[in-house]
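Subject: Structure handover

Hi,

Here is the structure for you to open. My notes follow below it.

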Amino acid sequence: TDHAYTVMSQQGAALQGYNNELIKCIEDLCAKRDELHRQILQEDEEKQKIQNDIRILTDRLAVINESLAKKIATRNDYDRTISETEAAYKKVCKSQCVLLS
């Protein structure tokens with residue numbers, strides 16, 4: 001019976017060792033999961049900030065594109081007006097030269 005008691009004690013000790021290892025593994029996994037969850041929350045917050053920045057910049061880009069289109073059209077009108085005015089002025093100068101000669 002001493003032998004049986006010794007075997008049972010050894011088995012009990014081995015079982016307790018396995019239980020301790022299993023508990024440590026579970027604790028390690030929980031710690032890794034918690035760290036991963038913290039990283040997920042942090043990256044999700046950064047993602048939302050970036051998405052908001054993109055929305056703001058997209059709106060700003062649309063405003064700038066509209067402004068540029070209007071200014072380019074106005075500049076093109078100026079170019080056309082200048083060309084037409086210069087052409088008319090040259091005709092007037094030629095007419096004056098003819099009249100004066």
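Start with lysine 24 and aspartate 28: they sit four residues apart in helix α1, so about one helical turn separates them. Helices here are DSSP runs of H or I with at least four residues, strands are runs of E with at least two, and numbering starts from the N terminus.

Two notes on the source before the rest. This is a predicted model, where local features need pLDDT of at least 70, side-chain atom pairs count only at pLDDT 80 or more, and totals for chains, interfaces and linings use all residues. Residues are numbered from 1 along each chain as its sequence is written, and side-chain values use heavy atoms, with hydrogens and water left out.

Salt bridges

The side chains of lysine 24 and aspartate 28 form a salt bridge, at 3.2 Å from N to O. The term means a side-chain nitrogen of Lys or Arg within 4 Å of a carboxyl oxygen of Asp or Glu. Lysine 24 is partly exposed, at 47% relative accessible area. Aspartate 28 is partly exposed too, at 36%. For these labels, buried is under 20% relative accessible area, exposed is over 50%, and partly exposed lies in between (1.4 Å probe, protein chains only).

Glutamate 66 and lysine 70 also meet in a salt bridge, at 3.5 Å from N to O. They are four residues apart in helix α1, so about one helical turn lies between them. Glutamate 66 is partly exposed at 48%. Lysine 70 counts as exposed at 53%.

Aspartate 34 pairs with arginine 33, with 3.8 Å between the closest N and O atoms. Aspartate 34 is partly exposed, at 48% relative accessibility. The salt bridge count comes to six.

Overall shape

Along the principal axes, the C-alpha atoms fill a box of roughly 145 × 20 × 10 Å. Glutamine 39 and valine 7 give a sense of scale: 32 residues apart in sequence, they are 48 Å apart in space, C-alpha to C-alpha. Glutamine 39 lies in helix α1 and is partly exposed at 32%.

Surface

Of the 101 residues, 0% count as buried. The chain exposes about 9,600 Å², and carbon and sulfur atoms supply 61% of that. Areas come from the Shrake-Rupley method with a 1.4 Å probe; for residues, only the protein chains shown count as cover.

There is a nonpolar surface patch of about 230 Å², made by Ile64, Leu68 and Ile72. Patch residues have over 30% relative accessible area and no salt bridge; like charges are joined within 9 Å, nonpolar side chains (Val, Leu, Ile, Met, Phe, Trp, Tyr) within 5 Å. Isoleucine 64 lies in helix α1 and is partly exposed at 33%.

Glu43, Asp44, Glu45 and Glu46 form a negative patch. Glutamate 43 lies in helix α1, residues 2-100, and is exposed at 56%.

Charges

The chain has 15 positive and 17 negative charges, and their mean positions are 17 Å apart. Lys and Arg count as positive, Asp and Glu as negative; His and the chain ends are not counted. Each charge is placed at NZ of Lys, CZ of Arg, CG of Asp or CD of Glu.

Best wishes
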